[in-house]
Amino acid sequence: MTTHVMIDLETMGARPGSAILSIGAVRFDPCGAPPPDPACGLTADHLSVNVSLDSCLGVGLRVDADTVAW
């Protein structure tokens, strides 16, 4: 079984230096070449963390007005 980790950042912009609102991660077993493993695609441990917007702004990260409007 091969284990991968996928990470997702929810940010206040699409450019480097954008403020982060949350961080998510999940460990999973990807689907391989046939014959597929019965555990193919199943997820395991996960993480979800909210990040303070004030803490991001305090270290110089930015909010993109177009992202907020969207």
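Strand 3, spanning residues 43-50, is hardly covered in this predicted model, and the count of buried residues among its eight residues is zero.

Once its neighbours within four places in sequence are set aside, His4 is in contact with Val26, Arg27, Phe28 and Pro30. For one of these residues, Phe28, the separation from His4 is 24 residues in sequence, while the C-alpha to C-alpha distance between the two is 5.4 Å. His4 has a relative accessible area of 36%, and it therefore counts as partly exposed, since that class lies between the limits of 20% and 50%.

Seen as a whole, the protein has two helices and three strands, and from the N terminus on these elements follow the order β-β-β-α-α. Buried residues account for 16% of its 70 residues, and the protein exposes about 5300 Å², of which carbon and sulfur atoms supply 61%. Among the contacts between residues at least 6 apart in sequence, 44% join residues that are at least 24 apart.

As for confidence, the mean pLDDT of the protein is 86, with 81% of its residues reaching 70 or more. Confidence is highest in helix 1 (residues 53-58), at 97, and lowest in strand 3, at a mean of 86. Where pLDDT is low, the predicted coordinates should not be read in detail.

Technical notes. Residues numbered from 1 in each chain as written. Predicted model: local features only at pLDDT ≥ 70, side-chain atom pairs only at ≥ 80, totals over all residues. Heavy atoms only, no water. Buried < 20%, exposed > 50% of the residue type's maximum accessible area, 1.4 Å probe, protein only. Helix = DSSP H or I, 4+ residues; strand = E, 2+ residues; numbered from the N terminus. Contact = heavy atoms within 4.5 Å. pLDDT = per-residue confidence, 0-100. Areas by Shrake-Rupley, 256 points an atom, 1.4 Å probe, with all protein chains shown as cover.
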